[in-house]
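Good morning, and thank you for joining.

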Amino acid sequence: MKKLTSFLIILIIFITCGNMVSQKHHDGQNKTVKKDTIIVLNDTLSLYYASYNSNMKLWYNLHIINKKKKIKVGKGSEFNGTGSELFSRLSPNAKYVVVDGIIKEYVHESAKDSTLHENYTCAIIDLKKAKIIKQLQQDCDGSWNKKNQWVSSGGKVIFK
């Protein structure tokens, strides 16, 4: 009985410590680090991402650079925590840009079988105001028409 009790205590310690090490290792891979990334839209406008998470493969902290002036994009609370895979589409009049907004997070973390949740969205940003004016869950695969309207792949005008 004494040997069994000792064995169980050692087993519990081993399992607990093993999970702590695995969790620490997983957390270490999930850090966002400073990484300047610029996407040139035209001669005067660029998108600037200030940080990157290599585990999630997403860029964060979006700014607009307009004639060398850097402005942080104002995000609504529903857009917090979103990253980007660097997708962008500039409107013909260069007043708006569509960027992807991806949320990736672990809804269940485990050393053996973590569950990663991914939610793909996009946002239309007013470049002059550096503000999100429309967020989309669908119709992100659309395009700008000659009238500067965002049109879904099915032909429906989503943004005027």
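Strands β6 and β7 form a hairpin, with 6 residues between them. Strands here are DSSP runs of E of at least two residues, numbered from the N terminus. This is a predicted model, in which local features need pLDDT of at least 70 and side-chain atom pairs count only at pLDDT 80 or more, while totals for chains, interfaces and linings use all residues. Residues are numbered from 1 along each chain as its sequence is written, and side-chain values use heavy atoms, with hydrogens and water left out.

β6 covers residues 96-108 and β7 residues 115-126; the two pair in the antiparallel sense over 12 bridges, where pairing requires that DSSP finds at least two bridges between the strands. Within this pairing, V99 stands opposite A123 in β7.

β7 is also joined to β8, residues 131-136, by 5 bridges, and these two strands run antiparallel. Here I124 stands opposite K134 in β8. A hairpin of β7 and β8 has 4 residues between the strands, and A130 in the turn has a positive phi of about 50°.

What joins C122 to C140? A disulfide does, with an S to S distance of 2.2 Å; the term denotes a pair of cysteine sulfur atoms within 2.5 Å. C122 lies in β7 and C140 in the loop between β8 and β9 (143-144), so the pair ties together parts that are 18 residues apart in sequence. The torsion about the S-S bond is about -95°, so the disulfide is left-handed. Finally, C122 counts as buried, at 1% relative accessibility; buried means under 20% relative accessible area, with a 1.4 Å probe and protein chains only.

Technical notes
Buried means under 20% relative accessible area, exposed over 50%, partly exposed in between (1.4 Å probe, protein chains only).
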